[in-house]
Amino acid sequence: MPGRSTSSSGSTGFISFSGVESALSSLKNFQSCISSGMDTAYSVALDLVETQTEVSSEYSMDKAMVEFAEMDRKLNHYLKAVQSTINRVKEERPEKIPNLKSLVEKKLLALQKKNSDADLQNNEKFAQFKQQLKELKKQYGLQADREADGTEGVDEDMIVTQSQTNFICPITQLEMKKPVKNKVCGHTYEEEAIVRMIENKHKRKKKACCPKIGCSHTDVKMSDLIQDEVLRRAIESHKKKRRQSD
Ligand SMILES: [Zn+2]
């Protein structure tokens, strides 16, 4: 705990938090490491489904994701505890520097008391991982109920034809390279195009409507967009096949 970096800056009597704050920002860097770790586990799991490796290894990716989600929660709690302690001290401006370490620990304990398994399932990346994995398995006909009726997977070409229209971005009218899905209405767009659209609208203090024809969603937010890794892979593999048959 970088408690000693909270020195009084002499003349004004204010407590300086620059040390704590810089420690906090390096912890936030660590947060992005967790996030990229999750991306890796996620992409490995998708690879495993694609190459149809046995389920047990995919399951271990699932476990890795839960561990990452746990780490992420721990780190978030710690950041929250430190930040709220700093805020409180700043607000109250006590005469003496309080024992920050114990204040943070108290806050942290309170946050951890509320921990539940549901938090992990609600971790955005983990939820996304689960959902996309399910979709990919559906594409490959790997669902348990399909296996039961003895059909050897689903005709891949058929799936591709069915979803080919979904490869086109409603904004650019081109095949997408980096599709993102809107969590709210479920439509997908080219990332660059939708981001530019939202930014332009917001600059003019307007809301961005979903550009998909017939969609009634009128407020597309940056935070509602998630990478559609399954679709990206489907487009890629379709492209490869097209190249081979040319
Ligand atoms: Zn939409």
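Let me start with a definition: a donor is an N, O or S atom within 2.8 Å of the metal, or 3.2 Å for Na, K and Ca, and since water is not among the atoms, sites may look incomplete. With that in hand, look at the zinc ion. Its donor residues are spaced C-x1-H-x22-C-x4-C in sequence.

Before we go on, two notes on what you are looking at. This is a predicted model, where local features need pLDDT of at least 70, side-chain atom pairs count only at pLDDT 80 or more, and totals for chains, interfaces and linings use all residues. Residues are numbered from 1 along each chain as its sequence is written, and side-chain values use heavy atoms, with hydrogens and water left out.

Back to the metal. Which atoms hold the zinc ion? They are SG of C185, ND1 of H187, SG of C210 and SG of C215, at 2.0 to 2.4 Å. The angles among these four donor atoms run from 105 to 118°, and the site is tetrahedral (four donors count as that if all angles lie between 85 and 135 degrees). For reference, the ideal angle for four tetrahedral donors is 109.5 degrees.

Are these cysteines buried or exposed? Here, buried means under 20% relative accessible area, exposed means over 50%, and partly exposed is in between, using a 1.4 Å probe and protein chains only. C210 is buried because its relative accessibility is 7%, while C185, at 25%, counts as partly exposed. Elsewhere, C33 is partly exposed too, at 45%. As for disulfides (pairs of cysteine sulfur atoms within 2.5 Å), the structure holds zero.

Now let's step back to the whole protein. It has nine helices and three strands; these are DSSP runs numbered from the N terminus, with H or I for helices of at least four residues and E for strands of at least two. Of its 246 residues, 33% count as buried.

What about the inside? A nonpolar core is a set of buried Ala, Val, Leu, Ile, Met, Phe, Trp, Tyr and Cys residues joined through side-chain atoms within 4.5 Å. The largest one has 33 residues, and M65 and F129 have the most contacts inside it. Helices α1 (18-50), α2 (55-92), α3 (100-113) and α5 (124-139) each supply at least two residues of this core. Apart from it lies another core, of 17 residues, including C215, which we met as a zinc donor residue.

Let's zoom in on F129. Contact means heavy atoms within 4.5 Å. Leaving aside neighbours within four places in sequence, F129 is in contact with A41, Y42, A45, M61, D62 and M65.

A81 is in helix α2, and it is buried because its relative accessibility is 0%. Not counting residues up to four places away in sequence, A81 touches V104, K107, L108 and L111.

Next, E229, in helix α9 (residues 229-245). Where does E229 reach beyond its neighbours within four places in sequence? It is in contact with Y42, L46 and Q132. E229 is buried, since its relative accessible area is 15%.

Most residues other than glycine have a negative phi. Yet Q173 has a positive phi of about 60°, and K205 has one near 55°. Q173 sits in the loop between α7 (156-163) and β1 (179-182), and K205 in the loop between α8 (191-203) and β3 (225-227). Q173 is exposed, at 54%, and so is K205, at 77%.

Conventions: Four donors count as tetrahedral if all angles lie between 85 and 135 degrees; four count as square planar and six as octahedral if opposite donors are over 155 degrees apart and all others between 65 and 115; anything else is irregular.
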